[in-house]
Amino acid sequence: MSWAPRPREKMAQTITFLKCMECGAENSRPFIEWDYIFKIVEGEKCPKCGGTRSKIVNIYVPEKKETK
Ligand SMILES: [Zn+2]
């Protein structure tokens, strides 16, 4: 193989927090491009009530690198 994947930092995962607009439950999932806070996301099912509309309430960005 001439192609090798770069080693990734497993902990450096950006997490998007969503709040269901139907029942208010908060869920989280890996960040997807174009996510931003207060964006209304449609088509992602709430695991609690099955609602498909949720709002992004927070985005957790891990620190990229620890400089020691
Ligand atoms: Zn819900």
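What you're looking at is a predicted model.

View 1. Of the 68 residues in the protein chain, 7% are buried. Now look at contacts between residues at least 6 apart in sequence: 51% of them join residues at least 24 apart.

**View 2. The sheet, strand by strand.** In what order do the four strands sit in the open sheet? Going across, the order is β2-β1-β4-β3, and the pairing is antiparallel. That leaves β2 and β3 as the edge strands, each pairing on one side only. Ignoring direction, neighbouring strands in this sheet are turned against each other by 40 degrees on average.

View 3. Strand β1 covers residues 15-20 and strand β2 covers residues 26-30. The two run antiparallel, and five bridges join them. To get your bearings, find Leu 18, which stands opposite Asn 27 in β2. Five residues lie between the two strands of this hairpin.

View 4. How many bridges join β1 to β4? There are six, and the strands run antiparallel, with β4 spanning residues 53-60. A handy landmark is Phe 17, which stands opposite Asn 58 in β4.

**View 5. Trp 34, in the loop between β2 and β3.** Zoom in on the loop that leads from β2 to β3 (40-42), and you'll find Trp 34 there. Its backbone has a positive phi of about 80 degrees, even though Trp 34 is not a glycine. Is Trp 34 buried or exposed? Trp 34 counts as exposed because it has 7 C-beta neighbours inside 10 Å, and the cut-off for exposed is 12 or fewer.

**View 6. Phe 38, in the loop between β2 and β3.** Phe 38 also sits in the loop between β2 and β3. Here too the residue is not a glycine, yet Phe 38 has a positive phi, of about 75 degrees. With 7 C-beta neighbours inside 10 Å, Phe 38 counts as exposed.

Methods:
Residues are numbered from 1 along each chain as its sequence is written. This is a predicted model: local features need pLDDT of at least 70, side-chain atom pairs count only at pLDDT 80 or more; totals for chains, interfaces and linings use all residues. A residue is buried if 20 or more other C-beta atoms lie within 10 Å of its own, exposed if 12 or fewer, and partly exposed in between; C-beta atoms are placed from the backbone. Two residues are in contact if their C-beta atoms, placed from the backbone, lie within 7 Å. Two strands pair if DSSP finds at least two bridges between them. Axes are lines fitted to C-alpha atoms, for helices over the stretch in contact, and angles run from 0 to 180 degrees between N-to-C directions.
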